[in-house]
Amino acid sequence: MRRMLEVAAAAGSSAAAAAANGAVDWWRDVNESPVWQDRIFHVLAALYGFVSAIALVQLIRIECRVPEYGWTTQKVFHFLNFLVNGVRSIVFVLRRNVQLIHPEIIQHVLLDMPGLAFFTTYALLVLFWAEIYYQARAMSTDGLRPTFYWINAVIYAIQIILWMVLWWKPVRVMIILSKMFFAGVSLFAAFGFLLYGGRLFLMLQRFPVESKGRRKKLQEVGYVTTICFTCFLIRCVMMCLNAFDKAADLDVLNHPILNFFYYLLVEILPSALVLFILRKLPPKRGITQYHPIH
């Protein structure tokens, strides 16, 4: 009887090991297959194109609804979503050609610049919430927009300097430094959403229960804050892994599965969900918090 149990246990262990080896082999086969690489990158391109089209349609709807207000924060937000997702779509359609571009620094720019633009797009949403919060508390908002512009200018300037140094001296330490800087930017964005999204959420909670639209606005701010905080935090963690672990490298062709889940979780799904949550069109008249970009 004991012998039979030992044989059964050994057979079970062998089956588990075979299953694990099969999963590893499948993962390796997909990663190393040019056909699967192209399929996954084209799926990503289609998803980005879909989100870009949604943002463009919503931008057109808003413009038709309130053409007299010029480039409002809401319009710029949707335009940047259209631009970022559209560029990502084109890059993934041409992903194999992008990998062949020389000098290599151009590859880094094409793969990283949309990520910086994604940061700017959602930092604009934080700015909008900060303005609402400060106005509701009768505080001056004069310094918010200049601060937003300065933060973005400094981030882009540092990234451009890192690219130029990497072009001049393409060593491993500079690649790590560039990726860690991007991780820091993502962490900064995550805490921006936590700070101003959390403040606005708590402020709305203190409004009278019978306030018109209170519940819907609470859900909107809560959902968007959670989604954006999570996506930027995941991006931060992945950038740290990407910097130090070659198995987590996102800038190569032979990691298509990792690329798929990374971009799905940190850009495609968050963008689609936020666009859906913020799909409501602005009212035609009686707008008090609807500000043009100057």
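A residue counts as buried when its relative accessible area is under 20%, as exposed when it is over 50%, and as partly exposed in between, using a 1.4 Å probe and protein chains only. With a relative accessible area of 1%, H78 is therefore buried. Welcome to a predicted model, in which local features need pLDDT of at least 70, side-chain atom pairs count only at pLDDT 80 or more, and totals for chains, interfaces and linings use all residues. Residues are numbered from 1 along each chain as its sequence is written, and side-chain values use heavy atoms, with hydrogens and water left out.

**The chain as a whole**

- The protein chain has 9 helices and 0 strands; helices (H or I, at least four residues) and strands (E, at least two) are DSSP runs, numbered from the N terminus.
- Along the sequence, this gives the pattern α-α-α-α-α-α-α-α-α.
- Of the 294 residues in the protein chain, 43% are buried.
- Among contacts (heavy atoms within 4.5 Å) with a separation of 6 or more, 77% join residues 24 or more positions apart.

**Annotated spans**

- In an unreviewed entry, UniProt lists residues 46–64, 115–136, 148–168, 180–202, 223–244 and 260–278 as "transmembrane region"; the positions follow the numbering used here, feature names are shortened, and annotations may be inferred rather than shown by experiment.
- Residues 148–168 are 100% helix and 0% strand, and the C-alpha atoms at the ends of this span lie 30 Å apart.
- Residues 223–244 are also 100% helix and 0% strand, with 32 Å between the end C-alpha atoms.

**Helix 2 and helix 3**

- The axes of helix 2 (residues 34–65) and helix 3 come within 7 Å and cross at roughly 160°; axes are lines fitted to C-alpha atoms, for helices over the stretch in contact, and angles run from 0 to 180 degrees between N-to-C directions.
- Helix 2 and helix 3 are therefore roughly antiparallel, given that angles under 35 degrees count as roughly parallel, over 145 as roughly antiparallel, 65 to 115 as roughly perpendicular and the rest as oblique.
- Their crossing is left-handed, a label used if the near helix is turned anticlockwise from the far one by less than a right angle, with right-handed used if clockwise.
- The contact of helix 2 with helix 3 involves 13 nonpolar, 10 polar and 3 charged residues; Ala, Val, Leu, Ile, Met, Phe, Trp, Tyr, Cys and Pro count as nonpolar, Asp, Glu, Lys and Arg as charged, and the others, Gly among them, as polar.

**Helix 5 and helix 7**

- Helix 5 (residues 105–136) and helix 7 (residues 172–205) have axes that come within 9 Å and cross at roughly 25°.
- These two helices, helix 5 and helix 7, are therefore roughly parallel to each other.
- Helix 5 passes helix 7 in a left-handed crossing, and the residues of their contact divide into 19 nonpolar, 3 polar and 2 charged.

**Residues to look up**

- H78 sits in helix 3 (residues 73–93).
- Apart from neighbours within four places in sequence, H78 is in contact with A55, Q58, L59, I62, L275 and L278.
- E63 belongs to helix 2 and, at 36% relative accessibility, counts as partly exposed.
- Although E63 and L281 are 218 residues apart along the chain, their C-alpha atoms are separated by 9.8 Å.
- S186 is part of helix 7 and is buried, with a relative accessible area of 2%.
- Not counting residues up to four places away in sequence, S186 touches F232, R235 and C236.
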